[in-house]
Amino acid sequence: MRIAMAAFEVYPFAKVGGLADVLGSLPKVIEKQGEKVSIFMPLHKLVRKNCEKLGITLESLVKSIPIPYLQTQQKFDVYHSKLPGSNVPVYFIANDYYFSAENVYEAPDIAEQSIFFCASVLEAMKNLGMQFDIIHAHDWQTALIPVYLKALYRTDPFFSKTASVFTIHNLGYQGIFDPLYMKFAGLPNYLFSIDGLEFYGKLNFMKGGILFSDVITTVSPTYAQEIQTEEFGEKLDGVLRLRADDLYGILNGIDYLEYDPATDKRIYVNYDLNNVEKKKLNKLELQKALNLEADENKPMIGMINRLVDQKGLDLVEKAIDFIMLFDVQFVVLGTGEKKYEEMFQQIQEKYPTRVSVNLKFDVDLAQKIYAASDIFLMPSRYEPCGLGQMYSLRYGTIPVVRYTGGLADTVKEYNPKTKEGNGFGFTEYDPAHLLYAVAKAVHVYKNEKEHWNRLIKNAMQTDVSWERSAKQYISVYQEALKKKRF
Ligand SMILES: Nc1ncnc2c1ncn2[C@@H]1O[C@H](COP(=O)(O)OP(=O)(O)O[C@H]2O[C@H](CO)[C@@H](O)[C@H](O)[C@H]2O)[C@@H](O)[C@H]1O
């Protein structure tokens with residue numbers, strides 16, 4: 001099969017959150033399993049910067065391609081490179097007007113930007129004569145690709161054998177805009193209806209992706225069920241129930257080659273299951289680097305997140321003073337909403353010797369925290385899959401999570417009787433429940449060394465690789481070809 005993926009973030013070219021990790025790793029594993037994968041992404045300013053840093057040169061393929069049906073004179077160029085560590089081609093859609101913001105999601109008009117990208121991807125394929133069996137679009141920024149395929153390109157023989165797959169990485173971001181963008185996008189008016197892109201009087205790109213793709217996936221089996229309920233459905237639960245037969249939940253994985261504590265160059269000291277005591281050296285080094293008391297026996301709780309409501313940070317705010325009573329260290333890495341940045345700054349001021357708050361985006365520091373921490377905190381309000389807990393497991397850092405979405409699919413409560421389980425968690429969205437889960441973890445860490453060592457072993461042996469999930473994607477692609485509608 002020839003598969004084209006389209007997304008706004010691909011690691012290492014541009015990363016804001018977990019979407020980049022998925023696009024930077026899944027295609028490589030699908031390729032290893034014998035399929036041909038290509039990636040299409042915008043040539044963000046950040047991509048140019050990262051390519052410079054990584055010594056990657058981009059090859060120019062075509063220049064100044066117009067898109068006749070859009071209400072813009074803007075044209076696009078296509079550049080080409082490969083996903084590092086693979087043969088997966090990456091095609092960059094370049095246009096200085098739309099993709100010159102400092103960061104990925106900072107363009108002045110993200111609706112126009114997304115429309116321009118989606119149309120460019122399809123026009124680039126035609127222009128370069130690249131036909132695909134599957135076009136796999138990720139998140140709302142690329143959700144108009146399946147819409148265009150079913151609307152404007154429906155009778156185009158070039159795409160007659162192409163099926164589309166749309167993956168929801170996060171239903172919390174849908175791309176909701178003024179209906180006037182229908183005209184800019186060159187989409188027929190009849191699509192602006194309750195059975196189409198209309199959403200409470202607005203235009204909803206993600207709704208388009210859900211309704212017009214041949215198959216929909218999301219990033220964990222539990223989240224696939226949750227989003228069909230009113231509680232998690234973000235007002236699209238009805239539409240998702242309508243397409244329940246074509247909706248699959250496939251758990252994300254992580255790149256086992258890139259993220260391996262035995263070889264990871266970003267961490268201070270490498271270790272594996274056979275010499276896991278060396279993990280503590282990472283803690284000692286990080287304590288020194290972050291000006292915390294260097295004490296290998298102090299439990300260190302790590303947290304790495306985009307600082308947004310989704311991540312359950314209000315629970316942390318309410319529980320933190322009690323958590324600090326356990327005589328722990330707390331290391332935070334994240335950027336995001338101002339209110340949360342301020343909240344963490346205040347926590348840092350209150351506990352200057354035991355808390356380290358790092359309000360920046362730093363992938364190297366992230367790995368150091370995954371390796372150094374004893375406990376990784378992820379109390380999300382909702383979590384489509386979550387990668388932080390997966391990196392933690394791989395690095396022998398015990399996750400304490402709220403059992404929702406992919407967190408419920410990957411973290412299993414430790415049972416001291418059977419010695420099974422790889423972490424701790426809670427279900428009710430409540431600070432007391434979070435506190436209890438942290439207390440359990442700290443208690444075992446401090447008083448039950450044998451169980452703690454078993455937990456580390458179980459965590460590091462948990463399979464969070466892509467192998468199984470990549471197979472599932474391939475069979476979903478085959479389903480999409482069978483299910484291809486009109
Ligand atoms: N300040 C910082 N510095 C360095 N690295 C940072 C960082 N802040 C976050 N990160 C990194 O960004 C990634 C976050 O990924 P997650 O999957 O946990 O959440 P996210 O909500 O972004 O992803 C969405 O998409 C993914 C992919 O499908 C789903 O797993 C998830 O549930 C969904 O919300 C991790 O690799 C983490 O280390």
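Although Glu234 is not a glycine, its phi is positive, at about 50 degrees. The model is a predicted one, in which local features need pLDDT of at least 70 and side-chain atom pairs count only at pLDDT 80 or more, while totals for chains, interfaces and linings use all residues. Residue numbers start from 1 along each chain, following the sequence as written.

**Backbone detail**

- The peptide bond that runs from Tyr11 to Pro12 is cis, and its omega is near 10 degrees.

**Domains**

- The protein is assigned domain 1 (2-253 + 467-483) and domain 2 (273-461), with bounds that come from an automatic or database domain assignment.
- Taken over C-alpha atoms, the centres of domain 1 and domain 2 are 33 Å apart.
- Where the domains touch, 16 residues of domain 1 are in contact with 10 residues of domain 2 (contact: C-beta atoms, placed from the backbone, within 7 Å).
- On the side of domain 1 that touches domain 2, helix 1 (18-32) and helix 7 (221-226) each supply at least two residues.
- Helix 7 provides the largest share of that side of domain 1, with four residues.
- Sorted by class, the side of domain 1 that touches domain 2 holds five nonpolar, nine polar and two charged residues; here Ala, Val, Leu, Ile, Met, Phe, Trp, Tyr, Cys and Pro count as nonpolar, Asp, Glu, Lys and Arg as charged, and the others, Gly among them, as polar.

**Around the ligand**

- There are 26 residues around the ligand, and Gly17, Gly18, Pro384, Cys385 and Leu387 come nearest (a residue is near a molecule if its C-beta atom, placed from the backbone, lies within 6 Å of it).
- Two or more residues of the shell around the ligand come from each of helix 1, strand 13 (300-307), strand 14 (329-336) and helix 12 (363-372).
- Helix 1 contributes the most to the shell around the ligand, namely four residues.
- Both domains take part: domain 1 and domain 2 each give at least three residues to the shell around the ligand.
- By class, the shell around the ligand has 11 nonpolar, 11 polar and four charged residues.

**Helix 1 with helix 17**

- Helix 1 and helix 17 (residues 467-483) cross at roughly 75 degrees, and their axes come within 9 Å; axes are lines fitted to C-alpha atoms, for helices over the stretch in contact, and angles run from 0 to 180 degrees between N-to-C directions.
- Helix 1 and helix 17 are therefore roughly perpendicular to each other (under 35 degrees is roughly parallel, over 145 roughly antiparallel, 65 to 115 roughly perpendicular and the rest oblique).
- From helix 1, Leu26, Val29 and Ile30 meet Glu467, Ala470, Tyr473 and Ile474 in helix 17.
- The contact of helix 1 with helix 17 consists of six nonpolar residues, no polar ones and one charged.

**Helix 10 with helix 15**

- Helix 10 (residues 313-324) packs against helix 15 (residues 431-447) at an angle of about 45 degrees, their axes being 9 Å apart, so the pair is oblique.
- The crossing of helix 10 and helix 15 is right-handed; a crossing is left-handed if the near helix is turned anticlockwise from the far one by less than a right angle, and right-handed if clockwise.
- Leu315, Lys318, Ala319, Phe322 and Ile323 in helix 10 meet Pro431, Leu434, Leu435 and Val438 in helix 15.
- Eight nonpolar, no polar and one charged residue make up the contact of helix 10 with helix 15.

**Helix 9 with helix 12**

- The axes of helix 9 (residues 279-289) and helix 12 come within 8 Å, crossing at roughly 125 degrees, so helix 9 and helix 12 are oblique to each other.
- Helix 9 and helix 12 make a left-handed crossing.
- Lys279, Asn282, Lys283 and Leu286 of helix 9 make the contact with Lys368, Ala371 and Ala372 of helix 12.
- The contact of helix 9 with helix 12 divides into three nonpolar, one polar and three charged residues.

Definitions and conventions. Contact = placed C-beta atoms within 7 Å.
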